[in-house]
Structures are given as structure tokens and as C-alpha cells.
Amino acid sequence: MPYKVILDAGHGGRDPGAVYQDRKEKDDALALALAVGEILEQAGVDVAYTRTEDVYNTPYEKAVMGNNSGADYFISIHRNATAAPGGASGIETLVYSKGGEAERLAENINDELEDVGFENRGITERPNLVVLRRTSMPAVLVEAGFIDSPTDNEQFDRQFNEIARAIAEGFLKTVGDDVETQTTGPERTPLYQVQVGAYRVRDFADQMLEQLQAEGFPAWIEAEDGYFRVKVGAYEKLDNAVRMEQKLRQMGYNTFITAGGR
């Protein structure tokens, strides 16, 4: 499949997002983003992530990650909340503006989540959100139920796999495919790579490459779509890529994980 999507788990690190009792939005969002990504990777989609652990990046940094990744679509995953806990339930998806590809993606995701059993609260325009305004590709923000609704939380936990699959199928429906069709052929094993930078100018990429290699990292350059992307490693197991990303972040590098062939 010639499509690439970047999945953004909302909030993270010092920003917990909405909190209800001992439940934090950042944790639910990360778990769901990773589950959606795994399904899409198995379906042959090239997947990147803004985070794969509990770290904080500003919304602007996440938008930049999306733009630098070369992704065709940006999906941000969140949980909703109200001023009065328990005052609402259901799913909705936010877009910068209606009438384009983002609205079509949002509609397909909402339809699939409604089939899981959530109330469909529809599509809402939110042009003030940075991850929707600053991204250069169709972008949506999925509110996967209300974190302050015991009913939604029970459904989120009980039907977690179905929810992840619904979001994945909403994406695949948008690009003209489905999970079942994609997974009937030979299984595709993705290689997880840690991207450190993306440059239009080869010299800048070479400088980053030399710096990483001098520090002992297995860095290499991928040239595609007019960009020179500096990457570190190519791992069959996501855990190995996460450990490498943690090491790079500790040394001050701005990174995210992609999945695809080397």
C-alpha cells in the first residue's frame, strides 16, 4: 500500500491530558495509538509515531514531526472530557475544516466507532488546534470516548481491540482498502527505525549522519520524495527501537519511530 500515516498519541510526559480518578488521557491515548499502528502495519501501511513512550512534545513539535515524516495522513488520538464528570459520552472527531479529505477520514472513523457501539457525536471543526492547523497533510483528532464517563471507560477497556481496529479500518476505508483484504496475503514484517532528522539539503543530512556515527550510532540516510531522512537502526521488534529512541532522546535528539522497509 503506497500510503503512510503518522499516529500521534495525545499529550504525554508532564502533560497528562484529562484526568479522571486514577486514569490519565496520555496513557489511554498511547496504548490506543500503538494498537492502531500495529494493525495498520500488518495491513501493509507505512506507520510513524510522534511518541512511543511517556514523553512530552509540544503540539507544534508534533506537527513538525508529521510534516517531516512525509506521511500522507495525520491521526491524533485523545480521550474527551467535560467540566462536569459523567455529563457526556460518545466519540467525535475534530478537523481543521470540513469539506475535504480530512472530513472524509473523520466520517469513516466515526462510522466504524459507532459500529463498535459508541454514540456518534459527529465531526467538529477546530481550526485553533495546532496539530490540525500546522500539519501539511489531511489531519484528524479522534476523541475516543469520554475519560470522565464510567460507561465509556468500561467500553474502552472491554472493547479495546475492537476500538483500535475500528480506527484502523476507518483509515483503510478512506484510502480504498480494508484490513481483511490486506492481511490475507503473506505477512509483512515491518522494520522499526528511529528518525532523527529530515532535510532538503544533502549536506545537512550528511552532517547529522557523521555526528551520529561518531557517537557510535548505526545511522544511515534514506532519500525519498525530495528529503534526506537520517535514521538510526532497523529493528524487527518495536521494543528495540523504543530503547534506541530513549537513548537518543537522552542525548538531546528530537526523534520519532517509523515502520517500513529499509
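This note sets out numbered points on the fold and on selected residues of a predicted model.

1. Basis of the note. The model is predicted, and local features need pLDDT of at least 70, side-chain atom pairs count only at pLDDT 80 or more, and totals for chains, interfaces and linings use all residues. Residues are numbered from 1 along each chain as its sequence is written, and side-chain values use heavy atoms, with hydrogens and water left out.

2. Overall form. The chain contains nine helices and twelve strands; helices (H or I, at least four residues) and strands (E, at least two) are DSSP runs, numbered from the N terminus. Its radius of gyration is 18 Å, which agrees with the value near 18 Å for a compact globule of 262 residues. That radius is taken over C-alpha atoms, and the globule rule is 2.2 Å times the number of residues to the power 0.38. Along the principal axes, the C-alpha atoms fill a box of roughly 55 × 40 × 35 Å.

3. Of the 262 residues, 54% count as buried; buried means under 20% relative accessible area, exposed over 50%, and partly exposed in between (1.4 Å probe, protein chains only). Among the contacts in the chain with a separation of 6 or more, 78% join residues 24 or more positions apart, where contact means heavy atoms within 4.5 Å.

4. Surface and charge. The accessible surface comes to about 11500 Å², and carbon and sulfur atoms account for 44% of that area. Accessible areas come from the Shrake-Rupley method with a 1.4 Å probe; for residues, only the protein chains shown count as cover. The chain has 27 positive and 44 negative side chains, and the centres of the two sets lie 5 Å apart. Lys and Arg count as positive and Asp and Glu as negative, while His and the chain ends are not counted. The place of a charge is taken as NZ of Lys, CZ of Arg, CG of Asp or CD of Glu.

5. Histidine 78. This residue belongs to strand E5, which covers residues 73-80. Histidine 78 counts as buried because its relative accessibility is 12%. Its side chain makes a polar contact of 3.3 Å with the side chain of histidine 11 and another, of 3.1 Å, with the side chain of glutamate 25. A polar contact is a pair of N or O atoms within 3.5 Å; within protein, one must be able to donate a hydrogen and the other to accept it, and residues adjacent in sequence count only if both atoms are side-chain atoms. Beyond its neighbours within four places in sequence, histidine 78 is in contact with residues including Asp8, Gly10, Ala29, Leu141 and Glu143.

6. Serine 76. Strand E5 also holds serine 76, which is buried, with a relative accessible area of 0%. With neighbours within four places in sequence set aside, serine 76 is in contact with Asp8, Val140, Leu141 and Val142. Between serine 76 and glycine 37, 39 residues apart in sequence, the C-alpha to C-alpha distance is 12 Å.

7. Two residues with positive phi. Histidine 11, the partner of histidine 78 in a side-chain polar contact, sits in the loop between strand E1 (4-9) and strand E2 (19-20). Its phi is near 65°, a positive value in a residue other than glycine. Glutamine 21, likewise not a glycine, has a positive phi of about 55°. Glutamine 21 lies in the loop between E2 and strand E3 (23-24) and counts as exposed, at 67% relative accessibility.

8. Isoleucine 109 in helix H3. Isoleucine 109 is found in helix H3 and is buried, with a relative accessible area of 0%. Leaving aside neighbours within four places in sequence, its contacts include Ile75, Val140, Val142, Ile167 and Phe171. The C-alpha atoms of isoleucine 109 and aspartate 54 are separated by 25 Å, at 55 residues apart along the chain.

9. Two glutamates of helix H3. Glutamate 112, in helix H3, is buried at a relative accessible area of 13%. Not counting residues up to four places away, glutamate 103 touches Val95, Lys98 and Ile123.
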